[in-house]
Structure formats: structure tokens, C-alpha cells
Amino acid sequence: MLFADHARALRAFLGAATVAAILALSGAGPAYGQTNAARMPAKFAGAFVNWGPDGREKTLQVWEKWLNQKPSSVLGVDFYAQSTWEDYSKLSWVPGIWKKLNPARNVVWSMPLTVKGTPLADVAEGLHDAAFEAAARAIAEAHPKAIIRLGWEMNLVDSPWFAKGQEADYIAAFRRVVGIFRRHSDGFKYDWCPGWGLQELPADLAYPGDDVVDYIGLDVYDYKHEGSAQERWDTHYLKAPFGLQWHRDFAARHGKLMSYPEWGVGQFGDNPFFVQQMRDWFVQNQDKIAYAAYFDVDGLWPTQIDNNQFPQSQKLFRKLFKR
């Protein structure tokens with residue numbers, strides 16, 4: 001999701017697919033509510049959580065205990081800066097709060113590639129290097145092995161770095177900023193992460209290159225669509241253009257691990273079936289996935305899953321994702 005607005009522009013996709021065809025392609029998962037495997041590893045139990053009274057780290061510790069995961073074992077997710085270039089310097093204290101509260105925690109930092117009103121070409125030409133230097137320095141001091149999710153959801157029209165019509169500038173800007181971050185830590189990993197589906201731009205047109213990408217991400221939410229939960233999963237998530245099967249195949253072609261920095265129920269309502277299917281997808285592809293993080297914060301629509309607003313999904317989530 002994009003900052004505080006969390007806006008989404010959706011498009012219709014393919015016609016309904018049969019369950020039999022999907023099972024033939026991907027293999028049948030365990031029955032609903034069954035794990036059919038060892039406890040979920042910590043790499044799939046990360047989250048973006050509310051700030052709370054003391055910082056996201058404290059909230060994430062509660063999340064970690066809720067899932068019986070080992071202390072400091074799950075990834076935190078946060079968003080750096082927001083709406084102005086001054087934020088890149090003014091908010092340099094935020095990574096320090098994470099470190100102060102728990103120096104053992106690693107974090108996925110979602111890093112804006114520009115701000116509204118500044119073309120990507122300006123970033124590509126180096127006109128805002130100082131802002132990225134400040135951000136890279138602050139993150140490196142707190143989390144020298146952080147995952148930098150740079151210029152995420154570039155295929156969504158409401159993104160300030162929406163890449164349609166300026167794909168070359170997006171790629172050049174991405175590559176330049178990675179170069180800046182590498183000067184501050186050689187332990188950073190870089191995550192290129194489209195929003196799920198075709199959206200307003202075929203995401204692969206903005207792929208910045210294997211030499212500046214470590215993980216290929218995808219943000220996946222349970223949106224409203226016609227059809228049963230099974231039909232919606234088959235049609236709009238597995239087989240949709242730029243959906244889960246595309247993601248797996250694209251990452252494999254580039255020799256990269258997949259990631260899921262944002263996923264969640266909510267827009268469609270309480271849907272434990274979606275939770276089960278996402279968990280099954282993670283398990284089926286676990287050796288090909290670097291990490292996954294649940295979006296446990298309410299945005300334009302509610303997605304928080306540990307506060308009883310989606311009781312069926314909450315119960316199943318905890319069963320499936322605890323250690």
C-alpha cells in the first residue's frame with residue numbers, strides 16, 4: 001500500500017478457471033484449516049504493524065509473541081519518508097528508534113523513489129542524491145543488513161513514481177539510488193516489488209536489472225471480485241496477468257527469490273480461505289521465497305488481523321503462522 005492513502009486502482013481480469021485445472025497446475029494443498037507441515041518458519045511471519053505508543057518494534061514484539069515466534073526472529077516492515085524531500089533528512093531518527101528498542105531486529109524499509117511533483121528523470125540525473133544519502137546513512141547505522149524495498153508498486157497510477165510512459169527514467173532512478181545505498185552498506189538487499197495484477201502498467205517493463213535486484217516482490221490483497229472464494233483465488237490470484245504464477249515464473253527466470261512484503265485480507269471481508277491459500281502458496285514455494293509480511297494496519301480498508309475484526313481469519317492465521 002502507498003503511504004497513508006493506501007489507494008488501489010483495480011481492473012477486471014480473466015474469466016473463471018476450473019478448480020481441476022488449477023489443482024493440476026499447482027498441486028492440491030492441505031484441506032481447509034490443516035497445516036500438513038511443520039510450524040511456520042519466522043520468514044513468513046513478518047508484519048507491518050501500528051506505531052503504537054512506543055514505536056513499531058514494541059507492537060511487533062506483541063505480534064511475535066502472539067505467533068509464538070522466537071524473539072527478534074520475524075522481519076519488521078516500515079516506510080521511510082513520505083511527502084517531501086525534507087522528510088528524507090527529518091525522519092532519519094525513525095530507524096534509530098527501531099535500533100534503540102531492539103538492535104537485533106532486521107527491517108524491510110520501503111523507500112520512496114521520488115516525491116509527488118518531482119519527475120523520475122530528476123532523480124535519475126542526481127538532483128536529489130543528498131536526500132537519498134541521508135536516508136541511506138540513517139538506515140545503515142540502524143540496520144546495515146536491511147532489505148530496501150525501493151520504488152515499490154511502480155505499476156499503480158496513484159504512485160508518485162508511477163512508471164508508465166517513463167519506464168527508462170524509473171529504471172535509471174532505481175539504479176542510481178541503489179548505487180547510493182551500496183556506498184553506505186554492502187549488507188543491504190534490494191527488493192523490486194510491483195503491486196499485484198496488470199494494474200495500469202505491465203510491471204516487467206520497469207524491471208531495473210538483475211545486478212540491482214536481490215528479491216522480486218509482489219503485494220497481494222484479498223480484493224472484491226465476483227464468484228466464490230475458490231473461483232476468485234483461481235482466477236484473480238493464481239492465473240491473473242502479473243499474479244502469483246507470473247511472479248514465480250518471472251523470479252525464476254531472473255534467478256531471484258520471491259518476496260511478499262504486503263499481503264492481507266480485508267476488502268472482501270472475513271475470508272479464512274484466502275489466508276489458507278496464501279499460506280499454502282508460501283509452503284509450496286518456501287525454498288523460492290525470501291520472506292513474507294502481513295499488513296497488520298488498517299488503511300483505506302481494514303486489514304488488521306489480530307484485533308478480532310475478522311475472527312475466522314484471525315483464528316486460522318494464528319493456527320497456520322505460529323511456530
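Here is a walk through the structure above, from the whole chain down to single residues.

This is a predicted model, in which local features need pLDDT of at least 70, side-chain atom pairs count only at pLDDT 80 or more, and totals for chains, interfaces and linings use all residues. Residues are numbered from 1 along each chain as its sequence is written, and side-chain values use heavy atoms, with hydrogens and water left out.

Let us begin with confidence. The predictor gives each residue a pLDDT, its confidence from 0 to 100. Across the chain the average is 90, and 88% of the residues score at least 70. Helix α1 (residues 19–26) has the lowest confidence, with a mean of 34, while strand β5 (residues 189–192) has the highest, at 99. Over residues 2–30 pLDDT stays under 50.

Next comes the overall build. The chain has 11 helices and nine strands; these are DSSP runs numbered from the N terminus, helices being H or I with at least four residues and strands E with at least two. Of the 323 residues, 57% are buried, where buried means under 20% relative accessible area, exposed over 50%, and partly exposed in between (1.4 Å probe, protein chains only).

An α-helix has 3.6 residues a turn, so residues three or four places apart point the same way. Just after α2, Asn68 takes a positive phi of about 60°.

Now turn to strand β4 (residues 147–150). Both of its faces are covered: Ile147 and Arg149 are buried on one side, Ile148 and Leu150 on the other. In a regular strand the side chains alternate between the two faces of the sheet. Two strands pair if DSSP finds at least two bridges between them. Strand β3 (residues 107–111) runs parallel to β4 and is joined to it by four bridges, with Trp109 partnered by Ile148. β4 also pairs with β5 in the parallel sense, over three bridges, and there Arg149 stands opposite Asp191.

Finally, the aromatic rings. The whole structure holds 42 aromatic pairs; rings of Phe, Tyr and Trp (its six-membered ring) pair if their centres lie within 6.5 Å, and planes under 30 degrees apart count as stacked, over 60 as edge-to-face and the rest as tilted. One of them is the edge-to-face pair of Trp233 and Phe274, 5.8 Å centre to centre with 75° between the planes. Trp233 lies in helix α8 (residues 229–238) and Phe274 in helix α10 (residues 272–284), 41 residues apart. Trp233 is buried, with a relative accessible area of 4%, and Phe274 is buried, at 2%. Tyr237 and Phe274 also form an edge-to-face pair, at 5.4 Å and 65°. Tyr237 lies in α8 and Phe274 in α10, so this pair ties together parts 37 residues apart in sequence.

How values were computed
Contact means heavy atoms within 4.5 Å.
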